[in-house]
Amino acid sequence: MSIKTRFAPSPTGYLHIGGARTALFSWLYARKHGGKFVLRIEDTDLERSTEASVNAILEGMTWLGLDYDEGPFYQTHRFDRYKAIIQQLLDQGDAYYCYCSKDELEFMREQQMANKQKPRYDGRCRDRESPRDGVQPVIRFRNPNTGSVIIEDLVKGQVEVQNSELDDLIIARSDGSPTYNLTVVVDDMDMNIDYVIRGDDHLNNTPRQINILNALGATPPKYAHVPMILGEDGKRLSKRHGAVSVMQYKEEGYLPEALLNYLVRLGWSKGDQEIFSIDEMIEHFDINDVNRAASTFNPEKLLWINQQYMKEAPVEHIARYLSVHFGELGVDPSQGPAIEKVIDAQRDRAKTLVEMAQTSVYFYQDFAEYDEKAVKKNFKATTVEALQALHDAFTDLSDWRAEVIHPCIEQVAERLDLKMGKVGQPLRVAITGGSSSPAIDITAELIGKEKVLKRLQNAIALIQSRT
């Protein structure tokens with residue numbers, strides 16, 4: 001029988017790194033076993049859920065390439081179903097109305113804490129037979145008082161929780177709206193989810209949810225609770241640690257496959273292998289191999305992985321994403337050298353797409369300013385002769401390719417009795433505005449003959465104006 005996993009985010013913010021890893025693990029497990037991956041939007045928190053957050057989640061999933069087979073399903077579209085299940089539990093005697101006020105509950109908790117007891121609802125309305133006038137009740141699940149819940153967790157191992165440790169949780173608020181622990185149970189049951197992979201912050205909910213499923217006569221899914229991701233300071237990953245939104249990494253110039261590669265290695269490994277293609281992730285990933293300990297998020301490691309992808313990914317694939325970053329800089333990549341050639345020239349030099357775009361603008365646009373340090377070091381009065389000689393030699397070239405340009409530069413250097421660096425580096429500053437670029441012959445070819453000649457003239461004029 002085909003397995004089914006799900007990713008069920010709450011649309012109260014962006015798709016964060018922890019959520020993306022949970023989605024990835026669920027997606028990989030479904031793909032590995034020929035199963036289905038379901039996307040469910042848990043939007044019953046009407047005050048905090050927003051359409052913008054829903055869009056951010058969908059956008060993040062699309063960018064990462066985590067395609068879903070069913071959904072997105074929205075819990076707000078299923079209120080009638082939840083209402084019916086709540087009524088079923090009431091009819092069965094597995095739920096009851098609770099008329100306790102907030103003040104009563106607070107007093108109860110204070111007394112329990114004063115007696116060094118665990119704060120929990122004491123079930124005082126369990127056997128109440130009459131309503132309380134003027135009070136809109138909540139509905140609580142009647143949790144078993146005896147026995148235990150055993151969770152055969154695929155990550156944590158066997159976890160046993162005594163029912164006496166669990167109180168009667170609220171499954172419907174006083175306004176009739178269902179709560180998380182009720183909706184998630186109904187959805188997993190109705191959608192035939194048989195593997196629930198989620199963060200271990202949900203582990204304390206699991207025995208409660210299993211008890212509700214048992215009351216409904218449903219078979220609980222298999223659970224895998226994945227340890228949280230920590231910042232380098234050992235605290236739970238949050239905004240203070242930097243970019244925690246998936247789409248922020250897109251904006252910062254990371255390739256989606258690189259981020260997925262990094263996330264899959266946060267708590268899972270296969271020997272010493274660091275770089276995985278998507279197909280390799282699907283082939284080798286097993287939820288049973290996920291570590292029980294929390295993982296530490298290392299931005300430098302992510303940057304290194306992205307750099308490896310920048311070096312090895314097909315240029316056409318990189319071009320797909322790089323063009324967007326060019327556009328944000330006001331560069332039209334169709335107005336200049338083929339973007340694939342620029343990528344080939346720059347791919348070993350850049351760690352992110354943003355860096356590649358920023359350091360490639362001069363291929364497409366004239367620059368207004370030079371790097372002053374480069375000018376001071378390389379533009380001397382004596383440099384004019386070399387730049388003019390290059391201008392004259394380049395003018396005579398009918399074949400503008402790197403393999404022709406390079407010997408031309410060498411000949412100028414030899415004729416002027418200068419080392420190659422004394423000619424090549426001033427040329428680089430003249431045509432790029434700075435001291436760093438790919439090989440100078442390739443750089444000149446990509447910029448184009450007409451622009452190179454014009455920029456040489458501009459550099460000569462600058463030197464002459466300062467001497």
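The model is a predicted one, in which local features need pLDDT of at least 70, side-chain atom pairs count only at pLDDT 80 or more, and totals for chains, interfaces and linings use all residues. Residues are numbered from 1 along each chain as its sequence is written, and side-chain values use heavy atoms, with hydrogens and water left out.

Asn-211 belongs to helix H6, residues 206-215 (helices are DSSP runs of H or I with at least four residues, numbered from the N terminus). Beyond its neighbours within four places in sequence, Asn-211 contacts Phe-141, Asn-143, Pro-144, Val-149, Asn-163 and Leu-166, where contact means heavy atoms within 4.5 Å.

## Gln-307 in helix H10

Helix H10, residues 299-312, holds Gln-307, which counts as buried at 15% relative accessibility. When residues up to four places away in sequence are set aside, Gln-307 touches Ala-350 and Lys-351.

## Exposed lysine and glutamate

Lys-377 lies in helix H14, residues 372-378, and because its relative accessible area is 66%, Lys-377 is classed as exposed. Glu-251, in turn, is placed in helix H7, residues 246-251, and it counts as exposed at 56% relative accessibility.

How values were computed. Helices (H or I, at least four residues) and strands (E, at least two) are DSSP runs, numbered from the N terminus. Buried means under 20% relative accessible area, exposed over 50%, partly exposed in between (1.4 Å probe, protein chains only).
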